[in-house]
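Me: I have a structure on my screen and would like to learn how to read it. Could you walk me through it?

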Amino acid sequence: RRQGARIAILAFGSMLAPWLTQRGVRTLVVAGCVTSGCVRASVVDAMCWGFSPVVVRDCVGDRAIGPHDANLFDMSQKYAEVIPLDVLRARLELAA
């Protein structure tokens with residue numbers, strides 16, 4: 001790994017996934033700054049760990065709209081549920 005490189009994946013190399021699993025977490029809500037980087041990597045990693053990732057559409061972004069939209073589409077087709085913030089809020093209110 002080159003010096004100064006960062007790990008973009010949610011749980012790679014950490015104890016986060018086992019910690020969440022021990023506590024019965026099944027769904028992860030994902031938000032972040034780079035849809036085509038950290039967000040996507042976290043979603044794929046979460047799915048591989050057996051979680052159900054939910055991406056909050058209005059809480060992610062990217063440097064350009066093309067990669068942003070393409071990655072949201074791809075994640076919604078393969079890895080995650082992609083929903084707007086108001087839908088997440090409504091679901092959380094129902095669950096409370």
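Predicted model: local features only at pLDDT ≥ 70, side-chain atom pairs only at ≥ 80, totals over all residues.

Me: In what order do the elements of the protein chain run from the N terminus on?

Reply: Residues are numbered from 1 along each chain as its sequence is written, and side-chain values use heavy atoms, leaving out hydrogens and water. Helices (H or I, at least four residues) and strands (E, at least two) are DSSP runs, numbered from the N terminus. Here the order is α-β-α-β-α-β-α, with four helices and three strands.

Me: Which residues form the largest nonpolar core?

Reply: A nonpolar core is a set of buried (under 20% relative accessible area, 1.4 Å probe, protein chains only) Ala, Val, Leu, Ile, Met, Phe, Trp, Tyr and Cys residues joined through side-chain atoms within 4.5 Å. In this chain the largest one has nine residues: Val30, Val39, Val43, Val55, Val60, Leu72, Met75, Ala80 and Val82.

Me: How many disulfides does a search of the whole structure find?

Reply: A disulfide is a covalent bond between the sulfur atoms of two cysteines; the cut-off here is a pair of cysteine sulfur atoms within 2.5 Å. The search finds zero. For cysteine 38, the nearest cysteine sulfur, that of cysteine 33, is 8.0 Å away.

Methods. Buried < 20%, exposed > 50% of the residue type's maximum accessible area, 1.4 Å probe, protein only.
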